[in-house]
Amino acid sequence: LRTATYFFIFLNLSLALFEEPAVYPLPFLVTSLVEVLCLLVFFGRLTHFAKVTLRSVFWKDTKNICIMVAILLSLTDLAIYGILRIYNVRSIRWSRIVRPIFLINFAESRQVRKRCPGFGQPAASSGPGDSAWFLWWDVWSLCLTLDCPLPPRNLQTAEGLPYFKNYLEIVFDLYVLVTTANSPDVMMPAFDFSSWYALFFIAFVIVNTYIFMSLFLAVVYNNYKKHLKVTLGGADCD
């Protein structure tokens, strides 16, 4: 049962690779049937656990409640998405964000639950550094919005979409640029207009990706080691 539970949890999480807007999406009927199968297995595992547990204990366990709510939300979202799809109404699968709940809350995932606070607390303790980074990030976005606006406001991306039209769009595009996922596409319309914009984007990547990102990861890792030492009673965590 433990192996089967892990397998279907992995299968359920892997659906995100094949659902729209995936690069190679499978037909909706295939992904929906696989998801329903996974949810049935999860419900069966939960029912089996309820049979061998006192009713009062079962309903007081928040993990079981979370799994039941996640199953209901997933089925509801799947039904709504399927109905809207029949009428050619475009929508999104908002229930995807609840799929990790199955990984965390099953009884077999005790070690995963034990490690979750170990990741959350170090990230929370690095809040001041994150705030400084985000403020610095806003400065770069404001440079494109106010100080260095693109004179021809009708520039478009390679896909024909509006390019740097408002502040929120600039913030999001620069956020993606920190990961270099949209590089160099995001800078090409500006570079085609003036090659001087290359200096801006090169400086942004150097400062935010190679300096601030490294500092952020170092702070989180250092706080995680400190938290782990406290959790393990001062043992060496290197």
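Predicted model: local features only at pLDDT ≥ 70, side-chain atom pairs only at ≥ 80, totals over all residues.
Student: How many salt bridges does a search of the whole structure find?

Tutor: The search finds eight salt bridges. The criterion is a side-chain nitrogen of Lys or Arg within 4 Å of a carboxyl oxygen of Asp or Glu. One of them joins the side chains of arginine 96 and glutamate 19, with an N to O distance of 3.1 Å. Arginine 96 belongs to the loop between H4 and H5, and glutamate 19 to the loop between helix H1 (2–14) and helix H2 (28–51), so this contact ties together parts that are 77 residues apart in sequence.

Student: Are these two partners buried or exposed?

Tutor: The class follows from the relative accessible area, where buried means under 20% and exposed over 50%. Glutamate 19 is therefore buried, at 5%, whereas arginine 96 is partly exposed, at 26%.

Student: Which salt bridge do arginine 99 and glutamate 19 form, and how far apart in sequence are the parts that it ties together?

Tutor: Their side chains meet at 3.0 Å, N to O. Arginine 99 lies in the loop between H4 and H5 and glutamate 19 in the loop between H1 and H2, so the parts tied together are 80 residues apart in sequence. Arginine 99 is buried, with a relative accessible area of 3%. Through shared partners, salt bridges join Glu19, Glu35, Asp77, Arg93, Arg96 and Arg99 into one network.

Student: Which residue has its ring under the charged end of arginine 93?

Tutor: That residue is tyrosine 81: the charged end of arginine 93 sits over its ring, 5.9 Å from the centre. A separate salt bridge links lysine 63 with aspartate 61, whose closest N and O atoms are 2.9 Å apart. Lysine 63 is partly exposed, at 21% relative accessibility.

Student: What describes a pair of aromatic rings?

Tutor: Such a pair is described by the distance of the centres and the angle of the planes. The structure holds seven aromatic pairs. Among them, phenylalanine 49 and phenylalanine 58 form a tilted pair, 6.3 Å centre to centre with 50° between the planes. Phenylalanine 58 and tryptophan 59 form an edge-to-face pair, with 5.3 Å between centres and 90° between planes. Phe49, Phe58 and Trp59 form one aromatic cluster.

Student: Which residues form the nonpolar patch on the surface?

Tutor: The patch consists of Trp59, Ile65, Val69, Leu73, Ile92 and Trp94, which together have about 570 Å² of accessible area. Helix H4 (residues 62–86) gives the most to the patch, with three residues. Tryptophan 94 is located in the loop between H4 and helix H5 (100–105). Its relative accessible area is 39%, so tryptophan 94 is partly exposed.

Student: Which residues does the UniProt annotation "transmembrane region" cover?

Tutor: According to the unreviewed UniProt entry, this annotation covers residues 26–44, 65–84 and 196–221. Such a record can be set beside the model's geometry. For residues 26–44, the end C-alpha atoms lie 26 Å apart, and the span is 89% helix and 0% strand. For residues 196–221, the end C-alpha atoms lie 37 Å apart, and the span is 96% helix and 0% strand.

Technical notes:
Residues numbered from 1 in each chain as written. Heavy atoms only, no water. Patch = residues over 30% accessible without salt bridge, like charges linked within 9 Å, V, L, I, M, F, W, Y side chains within 5 Å. Areas by Shrake-Rupley, 256 points an atom, 1.4 Å probe, with all protein chains shown as cover. Helix = DSSP H or I, 4+ residues; strand = E, 2+ residues; numbered from the N terminus. Buried < 20%, exposed > 50% of the residue type's maximum accessible area, 1.4 Å probe, protein only. UniProt positions renumbered as here; feature names shortened; annotations may be inferred. Phe/Tyr/Trp six-rings, centres within 6.5 Å; stacked < 30°, edge-to-face > 60°. Lys NZ or Arg CZ within 6 Å of the ring centre and 35° of its normal.
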